[in-house]
Amino acid sequence: MANPNLTDMTEEDAADLQFPKDCLLSPTDESEHADVELEVSVSKDKIFASDPVCRVCRSTLAEPYIRCAMCTDVEMCPPCFARGRETDEHKNDHDYVIIKNEFPLIDESGWAAKHELELLDVLQQCGFGNWVDVGRRMHSKSAEECKTHYLQHYINNQALPGLPRFEESGASLFGCEPIPYMYKLQDLEEPPRFAPDTINARLLAGYNAARSDFVVNFDNHAESLVSDLDFGEFQPDDDAYELGRALQVAIVQAYNNRLKERARRRKVIRDHGLITFRRVITSIQRYENTIMRPFAERLLIFMQLVDGIEFDYIMEGLHRAGELKNHINRLLEFRRNGLKHFYSVPMFQKLSKLRQENERERKQYLNNPEYSWRCLLPDSVAASCSSPILTQRKTAPPLAVKGLPGYEKLNADEREICSVARLVPIIYLDFKQLLITENKRNGHLRLSQARALLKCDVNKTRKIYDFLVEKGYINKSA
């Protein structure tokens, strides 16, 4: 028999098949063959299946199996081929090819074609990445071998022709374009576990972050209404049946109303951010230089009126306004220093930094005892100069009032007096308003009256009093 593809067949395979060319079919085989032919004649369409099917007995084929070299889409299992089964178009004397999957599909991989097919089938069942289960179902390969082989020949280096090649991008690796976080997530530590009846526990309104639920609910004993309720207590033949059933329904309705109120309070606590006080404290720290912390803390009361998103909109709007104010103040400072162009700002900032460093070094030099003028004097004179009588108390350095509450409401002279007197601007404004009000009531104001009203350091009171008299805010007593 002429076979066009002799490389796929060996003499041992042909001997094992024992193809009966000269024997005829038995009556039993003829009846089976007639039934099969009738079944094949009914459906002569092309068979589409994931696995090849025997054309005669319709069983799923497993390698090795027989494929006719002269007919189209005629494949047979070895038992049907050994019995010489035929169909309408296929005869048992046609040339054939033995389909085997023992050959290597990828060079130098050590994997036969049947192993490749088995790996792909198991991967489809277990899913990509589940290499432990893949290794358990692959009888001759371990999980690490399956992972290395698949990644090397199917992902990193696609050696097989016809495999689709995908360009690696953010969408292909992550399913969608990755969105970077604008801010680092800070709330990743362990949830707080506060003891009951503490200040922090009351701030959380009974919410337990570790359980993600409320430990003590609102109206915690509401279930006692229906715990002892017996719905079979009243029977239809009782005189008080209608009244009893109505009373039971009213009790259940009261219990439902309590549950609704409990759910409403939980919703208020969740929506208004009352259980995320750590985030609130962190957000206040973010507004230190724009809204100012005292003012931001006073704004927290509005969380009861709006939900979390709307409150964040309010805070972010005020934060943006504070940033604009700071930017305007920097521009005004540049203008006061004679700058008229933006390209002069870097040089000005560099020189200002050098000036501050030189000033710091000069103070360190003056405070060093080795360079003091007292070292040049005789011991007796130096001892007399360092006596407590001649020693003066060291004055405190000026206070940095920039950014403190009320700083924007001061003019340049008031900022100077607050810095020299070491007063917080908001406190200075309160003192100023108090002294001006008293001056309007009496028509004049004495220093002793100012000291009685302010009740602070006498030196600070004298500086504030003299400054307000000089600027014409108050009248000095005759």
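**Notes on the predicted model**

1. In H10, the buried residues are Gly244, Gln248, Tyr255, Arg262 and Ile269, where buried means under 20% relative accessible area, against over 50% for exposed and partly exposed in between (1.4 Å probe, protein chains only). What covers them includes strand E5 (213-214) and helix H9 (224-227).

2. Some housekeeping: this is a predicted model, so local features need pLDDT of at least 70 and side-chain atom pairs count only at pLDDT 80 or more, while totals for chains, interfaces and linings use all residues. Residues are numbered from 1 along each chain as its sequence is written, and side-chain values use heavy atoms, with hydrogens and water left out.

3. Back to H10: residues 241-271 make up its 31 residues, and the first C-alpha to the last spans 45 Å, close to the expected 45 Å (1.5 Å times one less than the number of residues). Helices (H or I, at least four residues) and strands (E, at least two) are DSSP runs, numbered from the N terminus.

4. There's also an open sheet of three strands, ordered E2-E1-E3 with antiparallel pairing. Its edge strands, E2 (75-76) and E3 (96-99), each pair on one side only. E1 (residues 65-68) pairs with E2 over two bridges; pairing takes at least two DSSP bridges between the strands. Arginine 67 stands opposite glutamate 75 in E2.

5. Have a look at arginine 415 in helix H16 (residues 412-421). Leaving aside neighbours within four places in sequence, arginine 415 is in contact with Val401, Tyr407, Glu408 and Leu410 (contact: heavy atoms within 4.5 Å). Proline 425 is ten residues from arginine 415 in sequence and 7.6 Å away in space, C-alpha to C-alpha.
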